[in-house]
Amino acid sequence: MSLGDFMLKRQLEYIRTITDFMPETAIVLGSGLGSLADEIEIMNTINYNDIPDFPISTAPGHKGRFVFGKIEEKNVVIMQGRIHLYEGYTPKQVVNPIRLMKMMGANKLLLTNASGGINTHFKVGDFMLINDHISCFVPSPLIGKNDNSVGVRFPDMSQVYSKRMSDIISNTAQDEEINLKSGIYLQLTGPNFETPAEIRMAKVLGADAVGMSTAIEAQAAKHCGFEVGAVSVISNLACGISKTPITSEEVEETANKIAPLFKRLIKKSVGNF
């Protein structure tokens, strides 16, 4: 048993001393979107810093805790605050929570984030269903010794994002009269926002939105057997698309403005998963 396996099992053992709650769906809430976790039927919460050897979320606006509860009568575990590469963690540490939520019993994963819009047909406040990603600019979380009990050495990534979950999210958006775009998400490391030249490069590569998370989480999730869906909130126009400097405050402000629509989309979608 590798050290990583031992650590995850130790973390799961600790969580089981607090709650035996069995989630069906795991949800990761991105920057400015964490308030959804405060509005569900909460059964229990566990702070990251109480879990042995667990990475701590330091990003502004990320509470840093697991929330266990129900959305539309479905059992969920929510990450109210994620872990990022730019916080100084390794890719393996960043995806530790994803693997841990799988060990808790969840088999569906919904990833959310706040991202910069590259596609010129997007505007601030739009939602984008992620139908594919570009992750080659960040190190894979699967580098290193493979645990064959978790997933295969060379996992297929031809359809990271589940068509079934994506269809449910799209149909829910249509039913709720929420304007949902779709596109390709590109992950860079951060914490600096991108340069205009980097955004031009991303556009040439086919990216519709850019951010500092999500893709490596999706890789690890696909590897360990999760069914994955993902939604971005276009919180700002990317550098060079926007003519004004980008700030983290702008990201938070946009996320707060669209929070009611976001919560409705997520809650209704999870209810149909």
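Leaving aside its neighbours within four places in sequence, which residues is Pro139 in contact with? Pro139 is in contact with Leu85, Pro91 and Ile216, where contact means heavy atoms within 4.5 Å.

The views below are of a predicted model, in which local features need pLDDT of at least 70 and side-chain atom pairs count only at pLDDT 80 or more, whereas totals for chains, interfaces and linings use all residues. Residues are numbered from 1 along each chain as its sequence is written, and side-chain values use heavy atoms, with hydrogens and water left out.

View A. Pro139 lies in the loop between strand 6 (127-134) and helix 3 (163-175), where helices (H or I, at least four residues) and strands (E, at least two) are DSSP runs numbered from the N terminus. With a relative accessible area of 39%, Pro139 is partly exposed; buried means under 20% relative accessible area, exposed over 50%, and partly exposed in between (1.4 Å probe, protein chains only). The C-alpha atoms of Pro139 and Gln187 are separated by 10 Å, although these two residues are 48 residues apart along the chain.

**View B. Aromatic cluster around Phe68.** One aromatic cluster is formed by Phe21, Tyr48, Phe54, Phe66 and Phe68. Rings of Phe, Tyr and Trp (its six-membered ring) pair if their centres lie within 6.5 Å, and planes under 30 degrees apart count as stacked, over 60 as edge-to-face and the rest as tilted. By this rule the count comes to five aromatic pairs. One of them joins Phe21 and Phe68 edge-to-face, at 6.0 Å centre to centre and with 70° between the planes. Phe21 lies in the loop between helix 1 (3-18) and strand 1 (25-29) and Phe68 in strand 3 (residues 65-71), so this pair ties together parts that are 47 residues apart in sequence. The rings of Phe66 and Phe68 have their centres 6.3 Å apart and their planes at 45°, so that pair is tilted. Phe21 and Phe68 are both buried, and Phe66 is buried as well.

**View C. Gly69 in strand 3.** Gly69 has its place in strand 3 and, at 0% relative accessibility, counts as buried. Not counting residues up to four places away in sequence, Gly69 touches Phe21, Ile40, Glu41, Ile42, Met43, Lys74, Asn75 and Val76.

**View D. Helix 5 and its cover.** Eight of the nine residues of helix 5 (residues 215-223) are buried, so this helix is largely enclosed by the rest of the structure. The buried residues are covered by elements including strand 1, helix 2 (91-104), strand 5 (108-117), strand 6, strand 7 (180-187) and strand 9 (227-237). Just after helix 5, Gly225 takes a positive phi of about 100°.

**View E. Salt bridges.** The structure holds 11 salt bridges, each being a side-chain nitrogen of Lys or Arg within 4 Å of a carboxyl oxygen of Asp or Glu. In one of them the side chains of Lys263 and Glu39 meet at 2.5 Å, N to O. Lys263 lies in helix 6 (residues 248-272) and Glu39 in the loop between strand 1 and strand 2, so the pair ties together parts that are 224 residues apart in sequence. Lys263 is buried, with a relative accessible area of 12%, whereas Glu39 is partly exposed, at 43%. Arg82 forms a salt bridge with Glu217, and the closest N and O atoms are 2.8 Å apart. This pair links distant parts of the chain, with Arg82 in the loop between strand 4 and helix 2 and Glu217 in helix 5, 135 residues apart. Arg82 is buried, with a relative accessible area of 1%, and Glu217 is buried, with a relative accessible area of 2%.

**View F. Backbone details in loops.** The peptide bond from Gly190 to Pro191 is cis, with omega near 5°, and Pro191 is found in the loop between strand 7 and helix 4. Asp53, a residue other than glycine, has a positive phi near 55°; Asp53 is found in the loop between strand 2 (41-47) and strand 3 and, at 54% relative accessibility, counts as exposed.
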